[in-house]
Amino acid sequence: MVVEQVSVFVENKPGRLSKVTEILGEAGINIRALSIAELGEFGVIRLIVDKPHEAKAVLTNSGFTVGVNKVLAIEMGDEPGSLAKIASALGDAGVNIDYAYAFIARAKEKAVLIARVDDIKKAEEVLSREGIRLLEADELQSI
Amino acid sequence: MFEPEMETMPLKELKELQLERLKATVKYCYENVPFYRKKFKEAQLSPSDIRSLDDLAKIPFTVKDDLRDHYPYGILAKPLKEVVRFHSSSGTTGIPTVVGYTKKDISTWARIMARGLATAGVTSEDIVQVAYGYGLFTGGLGFHYGCEELGAATIPAGGGITPTKRQIQIMKDMHSTVLCCTPSYALYLAEEAKKEGIDPENDFSLRIGIFGAEPWSEATRKKIEAALNLRAHDVYGLSEIWGPGVGMECEERAGLHIWADHFIMEVIDPETGEVLEPGEKGELVFTTLTRDAMPLLRYRSRDISVVEEDSCACGRTHPRMLRILGRSDDMLIIRGVNVFPSQVEHVLMRIPGIGDHYQIIVDRDILDVLRVKVEVTPEVFSDKLAELEALRRRVEEELAAVLNVRAKVELVEPGTIPRTPGKAQRVVDLRKGKI
């Protein structure tokens, strides 16, 4: 159960995030989660949106370099220790988390961890064995 | 080999021959070309001062402007009645250069070209399609006479006159085995043939291609070879010195053999004029040894390359020049190191997904700073920063290995490097005015 993440190459300078989000806003694309990673003069904006392929198309048309790749949306209880549980389950199984970011779902007392892992299949197995739920794309839109 | 004895003559003997011919050429120039007599007098030099090959360095350079200043006939060593042909290059600056040939020059040139063609593997059995331009440009006629001298069946297809469709038809129907043209025209021919549904392997009989008259890269070589199903050789020449044939790649393709019995090739530092050792990168300078109508002493080619004198596996002893790295007019000096934009381009072209759009920025902090901006395409993009950083470092490392100076590589968004119609502004030098 994977969701698609949109990532955008940006130079690390004022106005780039606003440009990306404006383009998405104008296209009526809703952002569910976002993370910005930077390294020196460049960075990558990673987004979970309701229409990832449309997002890629509008951003590419505006001249951005855009990728779409698969990540896990892992449901967590909004309480101490829940992230640790996920991280140790994956770590014990030898699955590496390349990067991750989290957001809290409205009114559901739940949180969602977006994680890019090196072995999606194995991560899915491990997490389901631990009783940890993975969210599907449409579920993400409703929270 | 076309002239095996000469082509494999031990280097020491070749140098003796060069010295003997150099002395004669210097005397000939001094006695017959007022321009050279004046140059020698200004340098307080007499032909008898040239006693060794090292003494060549005493002779002032000849530059293209000298030829323009004496336009059209001022540098001829022979009276016009002995001249049987002229070629001329227009250049981009206005005044053309005119080069004259006596009957002897035409036949020497034909032999040089025949030797070069044989060096590239062409034989009298071949059907050679010469698709270089015929006319004032030396390419077409230079190849034409060489092919006939070698005894190959020569098709004067003449690029620019014979339409591309006709070229393809000739290649197919007449079973041309050798194609001679510019590398860009070879690529164009391949593309057009493909559009016509031609399969080069079955429809063409090509086995050798000889491409020159413009700079090209190893990547282009592979592209042409795959597209036309032939083996591609590089050829070098200067319109001021005969034309094509000064140098040719043998089957080893480890540089172009420069025929030492006809030319002395030096490599100089383009800034200081100082003569460099074999293996050092610099501007090629040519002295003709067998030219009749228009001998040239220490002619500055503006072409940058490296000369190798070690033996070649093909058995030929004549020194080799490596592929042209650039023009000395384009050279940048970064922290005392000569850097050519073309070197940067060659490195970038090797890395898939990189290279179409780049910009070289030179600035000065305390030391010179070389920055190379590279656009990130979907082909190389990753959502993982570590992979992008690894790519950036890889480009930096490959540049450092080739340039011998560190360049800072910056990844930028596509479209941020300015596009200009025609020639892109690849180099921005911000040092001007800075101390």
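Contact here means heavy atoms within 4.5 Å. Setting aside neighbours within four places in sequence, Met331(B) is in contact with Pro270(B), Glu271(B), Asn338(B), Val339(B) and Phe340(B). Met331(B) and Pro270(B) are 61 residues apart in sequence, yet 8.9 Å apart in space, C-alpha to C-alpha. Met331(B) sits in the loop between β14 (326–327) and β15 (332–334) of chain B. Its relative accessible area is 11%, so Met331(B) is buried (buried means under 20% relative accessible area, exposed over 50%, partly exposed in between, with a 1.4 Å probe and protein chains only).

Some ground rules follow. Residues are numbered from 1 along each chain as its sequence is written, and chains are lettered from A and ligands numbered from 1 in the order in which they are written. In this predicted model local features need pLDDT of at least 70, side-chain atom pairs count only at pLDDT 80 or more, and totals for chains, interfaces and linings use all residues, while side-chain values use heavy atoms, with hydrogens and water left out.

Now the sheets. Strands (E, at least two residues) and helices (H or I, at least four) are DSSP runs, numbered from the N terminus. Two strands pair if DSSP finds at least two bridges between them. In chain A, 6 strands form an open sheet in the order β2-β3-β1-β4-β6-β5, with antiparallel pairing. β2 and β5 (97–104) of chain A stand at the edges with a single partner strand each, so one side of each has no neighbour in the sheet. Direction ignored, neighbouring strands of this sheet are turned by 30 degrees against each other on average (axes are lines fitted to C-alpha atoms, for helices over the stretch in contact, and angles run from 0 to 180 degrees between N-to-C directions). Strand β1 (residues 3–11) and strand β3 (residues 42–49) of chain A pair over 6 bridges. There, Glu11(A) stands opposite Phe42(A) in β3(A). Helix α12 of chain B packs on this sheet, touching β1, β2 and β3 of chain A.

Chain B has an open sheet of 4 strands, in the order β19-β18-β17-β20, with mixed pairing. Its edges are β19 (408–412) and β20 (427–429) of chain B. Strand β17 (residues 358–364) of chain B runs parallel to β20(B), joined by 3 bridges. Ile360(B) faces Val427(B) across that pair, standing opposite it in β20(B). Helix α11 (residues 341–350) of chain B lies across β17, β18 and β20 of chain B. Helix α12 (residues 385–403) of chain B packs on this sheet too, touching β18 and β19 of chain B.

Charged pairs come next. The structure holds 51 salt bridges over all chains (a salt bridge is a side-chain nitrogen of Lys or Arg within 4 Å of a carboxyl oxygen of Asp or Glu). Lys408(B) and Glu41(A) form one at 2.9 Å, N to O. This pair crosses between chains, from strand β19 of chain B to the loop between β2 and β3 of chain A. Lys408(B) is partly exposed at 26%, and Glu41(A) is partly exposed at 42%. A network of salt bridges links Asp98(A), Arg116(A), Asp383(B), Lys384(B) and Glu387(B).
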